[in-house]
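Visitor: I'm new to this one and would like to learn how to read it. Could you walk me through it, feature by feature?

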Protein chains: 2
Amino acid sequence: MPVRVTADDVARAAGVSRAMVSRAFTAGASVSAGKREHVLRVAQTLGYRPNLIARGLTGQRTGLVAVVAGEISRPYEAWLLEHLVRALTLHGYRPLLLPALRNTNVAEMIDHALAYQVDGAIVAAGSVSRDIADRCRSSGAPLVLIGRVLEKSGADSVCCNNGEGMRLLVERLVKQGRRRIAWLGGSADTFSDQERRQSVEQTLKHYALSIQAQRRGDFSFQSGFNEGLAIMDSGEAIDAIMCANDAMALGVIEALSQRGVLVPDDVAITGFDDVPGAAWGRCPLTTVRNPVNETALEALQLLEARMQAPSSNPQVVRVGVTLVPRESA
Amino acid sequence: MPVRVTADDVARAAGVSRAMVSRAFTAGASVSAGKREHVLRVAQTLGYRPNLIARGLTGQRTGLVAVVAGEISRPYEAWLLEHLVRALTLHGYRPLLLPALRNTNVAEMIDHALAYQVDGAIVAAGSVSRDIADRCRSSGAPLVLIGRVLEKSGADSVCCNNGEGMRLLVERLVKQGRRRIAWLGGSADTFSDQERRQSVEQTLKHYALSIQAQRRGDFSFQSGFNEGLAIMDSGEAIDAIMCANDAMALGVIEALSQRGVLVPDDVAITGFDDVPGAAWGRCPLTTVRNPVNETALEALQLLEARMQAPSSNPQVVRVGVTLVPRESA
DNA sequence: CTGAAAGCGCTTACAG
DNA sequence: CTGAAAGCGCTTACAG
């Protein structure tokens, strides 16, 4: 028989009004210090805590923030999620986790979260349509995108500088004398894949080069491994494989090793993200660091700024990347 | 200017009472099919969704489940979390994610979650005291522990068969003729560390053997790497290192390779969990499979069973493990 | 099957 | 600084 102690119980026990106990628990409310202390003490002994659901109903804020995350078991997603959840928690928010499962529709999930009166939503996976952004706005819940920007959506975004990152990697390869560069892309229709590939093409063009072979995985280690084998077995003469992210790059290294191809001697390999683990294993990966902590913090900042000023212009924050040269290239 | 459309708006537009629109959205409520359809249609056009916070206040259920997770960027935690979140979501629950940050107290977090009137809590990290279990019970929120069992706590647990797993690994090593076996434990005071070490000692004893060297990491790759180097540099003569989990085992393999020690020729290495990634890399890991999906499903089942029967006897479900022989041992 | 009323546990103007 | 009252948006007995 669960016993919920309510503000009324505390009020009665402390000999004050219900409004007083509410005020005692509200920072900055007008209560005499003595009374607040007394109420808090009584609440303590009764084991009272304000019911946040009831408080949320009053309309101010629930403290809930929806977080749409991708496959958590993938290194980058896990890494980002960890920082996001930490940042939110430290700032007093509670993350409501919405997994972007296969054939699940992000709009549907956001709608559901909105029904919980979340104070905002951070979307780090799946594709977001204007429609969703509109729903959020009309519900008064700011929407912040991570790793994707939606043109004219009215949603704030934070995204790393994909173009710069790939440019740095291409330049390194070119300086090493690599000329026959292959590209292993990630899932089509993703923002990251597009920006990264475009930068590779453009930078190569600047050196009067072009992509020599092109394949596509799905950002997973396994797909990197499979495509790595396929590239080798195709017999195409290449001296470098640039991958759209680290997980695939690690898979490719594994595949080449299995085919007896030496990295970086025969073929150089590059990744993107610098996930924990990029430095370990058979051949430490040359990659570009995607600053997830900064990303998480910026996302939170955008969220809070938007709560203050719901109708200011949407912002796109580009966080900087840095080259991380290791052995693979 | 966010506009929230409420049940009243729908009622007015549909020409019915507010109770009717509530019933239209409640499965199994007594409404004529025609009326329900009509109400639903009107709600649809107005863009109405029941406010789950308000619904939660009525006292039944909020659909919220607290999930206490460890460091998400670690492979096992991420893997488990993924399955947990998927299972909860598919069953209509919303996971409220509570990170077990360093020097944060699980009791505090659970208390906070309870204030959100969560329907239950699943704890897969941190240590849980009887106290917490009691708080949950008195709040009417079932508590389910994963990977830890609390004696006489009244909390249900699901935990893999640690003893069996380590026994299988020891037997394999002994059959290979390994006699000088070292143990690399994880964080002290964790349930997994204790059960696993005990089983190793006990099984070795059965073969008239004992642990030849003992070290302790914190379940992370990095700590495995560090301790791996330390073991080698200590000059102790050993022919196998059993690790309390995969992440450390992978770190050890890395360390030995750096010292020019051959795995498994010179020294065999074993892990525990069979995380994705155990099969990849320099030397595929011989380990034991910790069935996370089954674990997640069982946890959910325990949670729901407990909602039905709050006072039946607490259960400890042991999920089975299987040996996964690969190259490292 | 349907509606009017009471109530869930808070907070916040409104008076004092 | 403090209390009485109204209200947040729902659901659920209670009548009919």
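Predicted model: local features only at pLDDT ≥ 70, side-chain atom pairs only at ≥ 80, totals over all residues.

Visitor: How many residues surround DNA strand D, and which are the closest?

Guide: There are 27 residues around DNA strand D, and the closest are A:Ala19, A:Ser30, B:Ala7, B:Ser22 and B:Asn51. Sorted by class, the residues of this surface are eleven nonpolar, eleven polar and five charged.

Visitor: And what surrounds DNA strand C?

Guide: DNA strand C has 27 residues around it, with A:Ala7, A:Ser22, A:Asn51, B:Ala19 and B:Ser30 the closest. Here α2 and α4 of chain A, plus α2 of chain B, each supply at least two residues. The most comes from α2(A), which gives four residues. The classes near DNA strand C are eleven nonpolar, eleven polar and five charged.

Visitor: Let's turn to the two protein chains. How many residues of chain A are in contact with chain B?

Guide: On chain A, 40 residues are in contact with 40 residues of chain B. Two or more residues of chain A's side come from each of α4 (52-57), α5, β2 (94-99), α6 (106-115) and α7 (130-139) of chain A. The largest share, seven residues, belongs to α5(A). That side of chain A has 22 nonpolar, ten polar and eight charged residues.

Visitor: Now sheets, please. How do I read one?

Guide: Start with the pairing: strands of a sheet pair through backbone hydrogen bonds, either parallel or antiparallel. In chain A, four strands form an open sheet in the order β7-β6-β8-β9, with parallel pairing. At the edges are β7 (213-216) and β9 (268-270) of chain A, each pairing on one side only. From one strand to the next, the twist averages 15°.

Visitor: What packs on that sheet?

Guide: Helix α10 (residues 221-234) of chain A does, touching β6 (181-185), β7 and β8 of chain A. The direction of α10 makes about 150° with that of β7(A).

Visitor: How many bridges join β8 to β9 in chain A?

Guide: Three bridges join β8 (residues 240-243) of chain A to β9(A), and the two strands run parallel. As for who faces whom, A:Ile241 stands opposite A:Ile269 in β9(A).

Visitor: What is the strand order of the open sheet in chain B?

Guide: The four strands there go β7-β6-β8-β9, and the pairing is parallel. Each of β7 (213-216) and β9 (268-270) of chain B has a single partner strand, so one side of each is left without a neighbour in the sheet. Ignoring direction, neighbouring strands are turned by 15° against each other on average.

Visitor: How is β6 of chain B joined to β8?

Guide: Four bridges join β6 (residues 181-185) of chain B to β8 (residues 240-243) of chain B, and they run parallel. Across those strands, B:Leu184 has B:Cys243 as its bridge partner, while B:Trp183 has B:Met242. Helix α9 (residues 191-206) of chain B packs on the sheet and touches β6 and β8 of chain B.

Visitor: Is B:Val67 buried or exposed?

Guide: With 26 other C-beta atoms within 10 Å, B:Val67 is buried. You'll find B:Val67 in strand β1 (residues 64-69) of chain B. Although B:Leu97 is 30 residues apart from B:Val67 along the chain, their C-alpha atoms are separated by 5.1 Å. Among the residues B:Val67 touches are B:Leu84, B:Pro95 and B:Ile122.

Visitor: One last feature: how do I read a helix?

Guide: An α-helix has 3.6 residues a turn, so residues three or four places apart point the same way. In α12 (residues 292-308) of chain A, the buried residues include A:Val292, A:Thr295, A:Ala296, A:Ala299, A:Leu303 and A:Arg306. The buried residues of α12(A) pack against α5 (75-90), β3 (120-123), β4 (143-146), β5 (156-160) and β11 (316-319) of chain A.

Definitions and conventions. Residues numbered from 1 in each chain as written. Chains lettered and ligands numbered in written order. Pairing = 2+ DSSP bridges. Axes fitted to C-alpha atoms, helices over the stretch in contact; angles between N-to-C directions. Contact = placed C-beta atoms within 7 Å. Near = placed C-beta within 6 Å. Nonpolar A, V, L, I, M, F, W, Y, C, P; charged D, E, K, R; others polar. Buried ≥ 20, exposed ≤ 12 C-beta atoms within 10 Å, placed from the backbone.
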